[in-house]
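I opened a structure that was new to me and kept short notes. Here is what I looked up, entry by entry.

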Amino acid sequence: MTTTVPTEAAVRQSSPGTASGPRRRPGRIRRIGLPYLLLLPALLLELLVHLMPMVIGMVMSFKELTQFYIRDWTTAPWNGLDNYSVSVDFDAPVGAALLHSFLVTVAFTLLSVALCWLIGTAAAIFMQDTFRGRGLLRALFLVPYALPVYTAVITWVFMFQHDNGLVNHVLHDQLGLTDKPSFWLIGDNSFIALLTVSVWKGWPFAFLIVMAGLQNIPKELYEAASLDGAGLWQQIRRITLPSLRPVNQVLVLVLFLWTFNDFNTPYVLFGKTAPEAADLISVHIYQASFVTWNFGTGSAMSVLLLLFLLVVTGVYLVITSRGRRTADV
(Lines give C-alpha, C1' and ligand atoms only; values in the text may rest on other atoms or scores of the structure.)
Protein backbone atom coordinates (compact mmCIF):
# COMPACT_ATOMS: atom_id res chain seq x y z
CA MET A 1 0.00 0.00 0.00
CA THR A 2 1.34 3.39 -0.90
CA THR A 3 0.86 6.49 1.20
CA THR A 4 0.85 10.04 -0.09
CA VAL A 5 2.47 12.77 1.92
CA PRO A 6 0.46 15.97 1.80
CA THR A 7 2.24 18.93 0.41
CA GLU A 8 2.83 22.16 2.38
CA ALA A 9 0.31 24.02 0.26
CA ALA A 10 -2.37 21.40 0.90
CA VAL A 11 -1.71 21.48 4.66
CA ARG A 12 -1.91 25.27 4.69
CA GLN A 13 -5.14 25.19 2.72
CA SER A 14 -6.81 22.57 4.91
CA SER A 15 -5.70 24.09 8.23
CA PRO A 16 -8.50 26.16 9.85
CA GLY A 17 -6.11 28.62 11.40
CA THR A 18 -4.42 29.45 8.13
CA ALA A 19 -7.31 30.30 5.85
CA SER A 20 -6.57 31.94 2.57
CA GLY A 21 -7.19 35.62 1.83
CA PRO A 22 -10.52 35.35 0.01
CA ARG A 23 -12.00 33.20 2.79
CA ARG A 24 -11.36 35.86 5.45
CA ARG A 25 -13.61 38.44 3.85
CA PRO A 26 -17.00 36.83 4.59
CA GLY A 27 -16.12 36.48 8.28
CA ARG A 28 -14.93 40.07 8.47
CA ILE A 29 -18.04 41.31 6.74
CA ARG A 30 -20.20 39.35 9.17
CA ARG A 31 -18.34 40.81 12.14
CA ILE A 32 -18.73 44.35 10.82
CA GLY A 33 -22.39 43.90 9.91
CA LEU A 34 -23.40 42.20 13.16
CA PRO A 35 -23.76 45.44 15.19
CA TYR A 36 -25.97 46.94 12.50
CA LEU A 37 -28.01 43.76 12.38
CA LEU A 38 -28.55 43.92 16.13
CA LEU A 39 -29.61 47.58 15.87
CA LEU A 40 -32.09 46.83 13.08
CA PRO A 41 -35.07 45.89 15.35
CA ALA A 42 -34.67 49.10 17.36
CA LEU A 43 -34.41 51.11 14.14
CA LEU A 44 -37.57 49.53 12.77
CA LEU A 45 -39.46 50.21 16.00
CA GLU A 46 -38.24 53.81 15.99
CA LEU A 47 -39.42 54.13 12.41
CA LEU A 48 -42.79 52.63 13.28
CA VAL A 49 -43.42 54.57 16.49
CA HIS A 50 -41.99 58.01 15.67
CA LEU A 51 -41.05 58.59 12.07
CA MET A 52 -44.10 57.09 10.38
CA PRO A 53 -46.63 59.17 12.40
CA MET A 54 -44.46 62.23 11.76
CA VAL A 55 -44.54 61.66 8.01
CA ILE A 56 -48.28 60.97 8.08
CA GLY A 57 -48.83 64.17 10.07
CA MET A 58 -46.89 66.17 7.50
CA VAL A 59 -49.02 64.70 4.72
CA MET A 60 -52.19 65.48 6.65
CA SER A 61 -51.11 69.11 7.03
CA PHE A 62 -51.55 69.56 3.26
CA LYS A 63 -55.08 68.11 3.23
CA GLU A 64 -58.49 69.55 4.05
CA LEU A 65 -58.99 66.92 6.70
CA THR A 66 -62.13 67.39 8.78
CA GLN A 67 -64.55 65.07 10.56
CA PHE A 68 -66.09 64.12 7.24
CA TYR A 69 -62.95 62.27 6.17
CA ILE A 70 -61.95 60.60 9.43
CA ARG A 71 -63.05 57.18 8.24
CA ASP A 72 -60.54 57.32 5.37
CA TRP A 73 -58.22 60.32 5.68
CA THR A 74 -56.48 59.51 2.40
CA THR A 75 -59.61 60.58 0.49
CA ALA A 76 -59.48 64.11 1.90
CA PRO A 77 -58.84 66.72 -0.81
CA TRP A 78 -55.48 68.42 -1.04
CA ASN A 79 -55.41 71.88 0.45
CA GLY A 80 -51.89 72.96 -0.42
CA LEU A 81 -50.46 75.55 1.96
CA ASP A 82 -53.85 76.89 3.04
CA ASN A 83 -53.62 75.26 6.47
CA TYR A 84 -50.26 76.92 7.06
CA SER A 85 -51.47 80.30 5.84
CA VAL A 86 -54.46 80.12 8.18
CA SER A 87 -52.22 79.19 11.11
CA VAL A 88 -49.79 82.08 10.58
CA ASP A 89 -52.42 84.69 9.73
CA PHE A 90 -52.22 86.51 13.05
CA ASP A 91 -54.93 88.97 12.10
CA ALA A 92 -57.49 86.15 11.83
CA PRO A 93 -58.97 84.41 14.90
CA VAL A 94 -57.14 81.10 14.33
CA GLY A 95 -53.74 82.69 13.88
CA ALA A 96 -54.24 85.16 16.73
CA ALA A 97 -55.19 82.34 19.10
CA LEU A 98 -52.16 80.33 18.01
CA LEU A 99 -49.84 83.33 18.53
CA HIS A 100 -51.25 83.91 22.01
CA SER A 101 -50.78 80.26 22.87
CA PHE A 102 -47.22 80.38 21.55
CA LEU A 103 -46.33 83.43 23.66
CA VAL A 104 -47.86 81.84 26.77
CA THR A 105 -45.86 78.68 26.13
CA VAL A 106 -42.61 80.61 25.68
CA ALA A 107 -43.12 82.53 28.94
CA PHE A 108 -44.12 79.37 30.79
CA THR A 109 -41.15 77.41 29.43
CA LEU A 110 -38.56 80.06 30.25
CA LEU A 111 -39.82 80.50 33.81
CA SER A 112 -40.18 76.77 34.42
CA VAL A 113 -36.73 75.88 33.06
CA ALA A 114 -35.06 78.71 34.99
CA LEU A 115 -36.72 77.79 38.28
CA CYS A 116 -36.11 74.06 37.81
CA TRP A 117 -32.43 74.66 37.11
CA LEU A 118 -32.03 77.14 39.98
CA ILE A 119 -33.75 74.98 42.61
CA GLY A 120 -32.12 71.77 41.38
CA THR A 121 -28.63 73.29 41.34
CA ALA A 122 -29.02 74.85 44.78
CA ALA A 123 -30.29 71.57 46.24
CA ALA A 124 -27.48 69.57 44.61
CA ILE A 125 -24.80 71.93 45.97
CA PHE A 126 -26.39 71.80 49.41
CA MET A 127 -26.40 68.01 49.31
CA GLN A 128 -22.65 67.84 48.68
CA ASP A 129 -21.92 68.33 52.38
CA THR A 130 -22.07 65.25 54.60
CA PHE A 131 -24.67 65.39 57.37
CA ARG A 132 -27.01 63.04 59.14
CA GLY A 133 -30.10 62.15 57.12
CA ARG A 134 -28.63 63.20 53.77
CA GLY A 135 -29.60 59.93 52.07
CA LEU A 136 -33.20 60.19 53.27
CA LEU A 137 -33.41 63.80 52.13
CA ARG A 138 -32.07 62.88 48.69
CA ALA A 139 -34.73 60.20 48.38
CA LEU A 140 -37.46 62.65 49.38
CA PHE A 141 -36.24 65.17 46.82
CA LEU A 142 -36.67 62.59 44.05
CA VAL A 143 -40.25 61.68 44.97
CA PRO A 144 -41.91 64.23 42.61
CA TYR A 145 -39.81 62.91 39.72
CA ALA A 146 -40.55 59.28 40.56
CA LEU A 147 -44.32 59.71 40.84
CA PRO A 148 -46.45 59.03 37.76
CA VAL A 149 -47.51 62.22 36.04
CA TYR A 150 -51.23 61.61 36.39
CA THR A 151 -50.98 60.75 40.07
CA ALA A 152 -48.94 63.86 40.84
CA VAL A 153 -51.08 66.29 38.82
CA ILE A 154 -54.40 64.91 40.09
CA THR A 155 -53.10 65.42 43.63
CA TRP A 156 -52.42 69.04 42.79
CA VAL A 157 -55.91 69.37 41.30
CA PHE A 158 -57.39 68.53 44.70
CA MET A 159 -54.96 70.87 46.43
CA PHE A 160 -55.98 73.76 44.14
CA GLN A 161 -59.71 73.35 44.79
CA HIS A 162 -61.46 76.60 45.67
CA ASP A 163 -63.54 75.51 48.65
CA ASN A 164 -61.62 72.72 50.33
CA GLY A 165 -58.19 72.78 48.72
CA LEU A 166 -55.02 72.74 50.78
CA VAL A 167 -53.51 75.76 49.00
CA ASN A 168 -56.38 78.09 49.91
CA HIS A 169 -56.54 76.60 53.40
CA VAL A 170 -52.90 77.50 54.03
CA LEU A 171 -52.79 80.85 52.23
CA HIS A 172 -56.18 82.18 53.31
CA ASP A 173 -57.28 80.38 56.46
CA GLN A 174 -53.97 79.92 58.24
CA LEU A 175 -51.61 82.61 56.96
CA GLY A 176 -54.18 85.22 55.93
CA LEU A 177 -52.22 86.24 52.83
CA THR A 178 -55.35 86.56 50.65
CA ASP A 179 -58.62 88.40 51.27
CA LYS A 180 -60.68 85.48 50.02
CA PRO A 181 -60.08 81.99 48.62
CA SER A 182 -58.63 82.15 45.13
CA PHE A 183 -59.61 80.28 41.99
CA TRP A 184 -56.44 78.54 40.90
CA LEU A 185 -57.71 76.45 38.00
CA ILE A 186 -59.48 79.26 36.12
CA GLY A 187 -58.60 82.83 35.26
CA ASP A 188 -55.16 84.40 35.49
CA ASN A 189 -54.15 82.29 38.50
CA SER A 190 -54.17 79.21 36.27
CA PHE A 191 -50.76 80.23 34.89
CA ILE A 192 -49.32 80.31 38.41
CA ALA A 193 -50.88 76.94 39.20
CA LEU A 194 -49.49 75.39 36.02
CA LEU A 195 -46.04 76.83 36.66
CA THR A 196 -46.06 75.57 40.24
CA VAL A 197 -46.90 72.02 39.21
CA SER A 198 -44.35 72.05 36.40
CA VAL A 199 -41.53 73.28 38.65
CA TRP A 200 -42.47 70.89 41.45
CA LYS A 201 -42.43 68.01 39.00
CA GLY A 202 -39.31 69.03 37.04
CA TRP A 203 -36.72 70.34 39.49
CA PRO A 204 -35.80 66.87 40.91
CA PHE A 205 -34.54 65.91 37.44
CA ALA A 206 -32.26 68.95 37.41
CA PHE A 207 -31.18 68.08 40.96
CA LEU A 208 -30.31 64.54 39.89
CA ILE A 209 -28.28 65.59 36.83
CA VAL A 210 -26.40 68.37 38.60
CA MET A 211 -25.66 66.13 41.58
CA ALA A 212 -24.15 63.56 39.21
CA GLY A 213 -22.07 66.27 37.54
CA LEU A 214 -20.74 67.48 40.88
CA GLN A 215 -19.20 64.08 41.53
CA ASN A 216 -16.67 64.72 38.75
CA ILE A 217 -15.29 67.93 40.30
CA PRO A 218 -12.15 67.20 42.33
CA LYS A 219 -12.45 68.17 45.99
CA GLU A 220 -8.86 69.41 45.90
CA LEU A 221 -10.05 72.45 43.93
CA TYR A 222 -12.37 73.49 46.76
CA GLU A 223 -9.70 72.85 49.36
CA ALA A 224 -7.18 74.98 47.48
CA ALA A 225 -9.73 77.74 47.00
CA SER A 226 -10.60 77.64 50.69
CA LEU A 227 -6.92 77.98 51.63
CA ASP A 228 -6.69 80.98 49.32
CA GLY A 229 -9.55 82.63 51.21
CA ALA A 230 -12.36 82.05 48.71
CA GLY A 231 -15.82 82.00 50.23
CA LEU A 232 -18.76 79.78 49.33
CA TRP A 233 -20.15 82.08 46.64
CA GLN A 234 -16.73 82.55 45.06
CA GLN A 235 -16.20 78.77 44.98
CA ILE A 236 -19.56 78.28 43.32
CA ARG A 237 -18.90 81.04 40.81
CA ARG A 238 -15.28 80.17 39.98
CA ILE A 239 -15.26 76.38 40.33
CA THR A 240 -18.71 74.80 40.44
CA LEU A 241 -20.54 76.61 37.65
CA PRO A 242 -17.65 76.53 35.11
CA SER A 243 -17.10 72.83 35.81
CA LEU A 244 -20.81 72.15 35.33
CA ARG A 245 -21.03 74.01 32.00
CA PRO A 246 -21.18 70.86 29.79
CA VAL A 247 -23.77 69.28 32.08
CA ASN A 248 -25.89 72.42 32.22
CA GLN A 249 -25.84 72.80 28.45
CA VAL A 250 -27.47 69.41 27.99
CA LEU A 251 -29.74 69.84 31.01
CA VAL A 252 -31.18 73.16 29.87
CA LEU A 253 -31.85 71.84 26.37
CA VAL A 254 -33.62 68.72 27.66
CA LEU A 255 -35.71 70.74 30.14
CA PHE A 256 -36.65 73.21 27.41
CA LEU A 257 -37.83 70.52 25.00
CA TRP A 258 -39.72 68.60 27.69
CA THR A 259 -41.44 71.69 29.06
CA PHE A 260 -42.31 73.23 25.70
CA ASN A 261 -43.92 69.97 24.53
CA ASP A 262 -45.56 69.13 27.85
CA PHE A 263 -49.13 67.97 27.29
CA ASN A 264 -49.94 65.74 30.24
CA THR A 265 -49.60 68.40 32.94
CA PRO A 266 -52.00 71.02 31.50
CA TYR A 267 -54.40 68.39 30.18
CA VAL A 268 -54.79 66.64 33.54
CA LEU A 269 -54.80 69.94 35.43
CA PHE A 270 -57.40 71.79 33.34
CA GLY A 271 -59.05 69.22 31.09
CA LYS A 272 -59.69 69.49 27.35
CA THR A 273 -60.15 73.28 27.43
CA ALA A 274 -57.38 75.14 29.22
CA PRO A 275 -57.90 78.70 30.51
CA GLU A 276 -56.65 81.48 28.28
CA ALA A 277 -53.83 82.35 30.69
CA ALA A 278 -52.55 78.75 30.64
CA ASP A 279 -53.30 77.86 27.02
CA LEU A 280 -50.11 75.98 26.15
CA ILE A 281 -49.49 75.24 22.51
CA SER A 282 -49.63 71.46 23.01
CA VAL A 283 -53.17 71.67 24.37
CA HIS A 284 -54.07 74.30 21.78
CA ILE A 285 -53.08 71.95 18.95
CA TYR A 286 -55.07 69.18 20.61
CA GLN A 287 -58.14 71.42 20.70
CA ALA A 288 -57.67 72.40 17.07
CA SER A 289 -57.46 68.75 16.07
CA PHE A 290 -59.78 66.78 18.34
CA VAL A 291 -62.26 69.39 19.60
CA THR A 292 -62.94 71.42 16.46
CA TRP A 293 -62.25 68.35 14.25
CA ASN A 294 -59.94 70.26 11.94
CA PHE A 295 -57.08 67.79 11.69
CA GLY A 296 -55.49 69.51 8.70
CA THR A 297 -54.99 72.78 10.56
CA GLY A 298 -53.88 70.94 13.70
CA SER A 299 -51.30 69.00 11.69
CA ALA A 300 -50.01 72.23 10.15
CA MET A 301 -49.62 73.71 13.65
CA SER A 302 -47.73 70.61 14.74
CA VAL A 303 -45.34 70.89 11.80
CA LEU A 304 -44.75 74.57 12.57
CA LEU A 305 -44.02 73.65 16.18
CA LEU A 306 -41.56 70.99 15.03
CA LEU A 307 -39.76 73.47 12.79
CA PHE A 308 -39.56 76.00 15.59
CA LEU A 309 -38.05 73.49 17.99
CA LEU A 310 -35.55 72.33 15.37
CA VAL A 311 -34.43 75.91 14.73
CA VAL A 312 -34.13 76.71 18.44
CA THR A 313 -32.22 73.49 19.10
CA GLY A 314 -29.85 74.12 16.21
CA VAL A 315 -29.16 77.72 17.26
CA TYR A 316 -28.65 76.64 20.87
CA LEU A 317 -26.18 73.91 19.89
CA VAL A 318 -24.24 76.30 17.65
CA ILE A 319 -24.01 78.95 20.39
CA THR A 320 -23.00 76.48 23.09
CA SER A 321 -20.42 74.79 20.87
CA ARG A 322 -18.84 78.15 20.06
CA GLY A 323 -18.78 79.01 23.75
CA ARG A 324 -17.15 75.67 24.55
CA ARG A 325 -14.45 76.19 21.92
CA THR A 326 -13.79 79.72 23.21
CA ALA A 327 -13.49 78.43 26.76
CA ASP A 328 -11.08 75.70 25.67
CA VAL A 329 -8.87 78.23 23.91
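Entry 1: I looked up Phe160 and Trp184 and found both buried. I took buried as under 20% relative accessible area, exposed as over 50%, and partly exposed as in between (1.4 Å probe, protein chains only). The model is a predicted one: local features need pLDDT of at least 70, side-chain atom pairs count only at pLDDT 80 or more, and totals for chains, interfaces and linings use all residues. Residues are numbered from 1 along each chain as its sequence is written, and side-chain values use heavy atoms, with hydrogens and water left out.

I then counted ring pairs and got 21 aromatic pairs in the structure. Rings of Phe, Tyr and Trp (its six-membered ring) pair if their centres lie within 6.5 Å; planes under 30 degrees apart are stacked, over 60 edge-to-face, and the rest tilted. Phe160 and Trp184 make a tilted pair, at 5.9 Å centre to centre and 40 degrees between the planes. Phe160 is in the loop between helix 7 (149-159) and helix 8 (166-174), and Trp184 is in the loop between helix 8 and helix 9 (189-214), so their pair ties together parts 24 residues apart in sequence. Helices here are DSSP runs (H or I, at least four residues), numbered from the N terminus.

Entry 2: Why is the pair of Phe263 and Tyr267 stacked? The ring centres are 5.0 Å apart and the planes are at 25 degrees, so the pair counts as stacked. Phe263 is partly exposed at 25% relative accessible area, and Tyr267 is partly exposed at 24%. Ring pairs join Phe263 and Tyr267 with Tyr286, Phe290, Trp293 and Phe295 in a cluster.

I checked Trp293 on its own. It lies in the loop between helix 14 (281-291) and helix 15 (295-328). Most residues other than glycine have a negative phi. Trp293 is partly exposed, with a relative accessible area of 40%.

**Entry 3: Ser289.** I found Ser289 in helix 14. Is Ser289 buried or exposed? At 7% relative accessibility, Ser289 is buried. Neighbours within four places in sequence aside, Ser289 is in contact with Asn294, Phe295, Gly298 and Ser299. Contact means heavy atoms within 4.5 Å.

**Entry 4: helix 7.** Which residues of helix 7 are buried? I listed Ala152, Val153, Trp156 and Val157. They span an arc of only 145 degrees around the axis, which puts them on the same side of helix 7. The arc is that of the directions from the helix axis to the C-beta atoms. These buried residues pack against helix 9 and helix 13 (264-270).

**Entry 5: the core.** I looked up the largest nonpolar core, which has 52 residues. Such a core is a set of buried Ala, Val, Leu, Ile, Met, Phe, Trp, Tyr and Cys residues joined through side-chain atoms within 4.5 Å. Phe160, Leu194, Phe207, Leu214, Leu255, Leu269 and Phe270 touch the most other members. Helix 9 gives the most to this core, with 13 residues. I followed Leu194: leaving aside neighbours within four places in sequence, its contacts include Phe108, Pro266, Leu269 and Phe270.

Key: Helix = DSSP H or I, 4+ residues; strand = E, 2+ residues; numbered from the N terminus.
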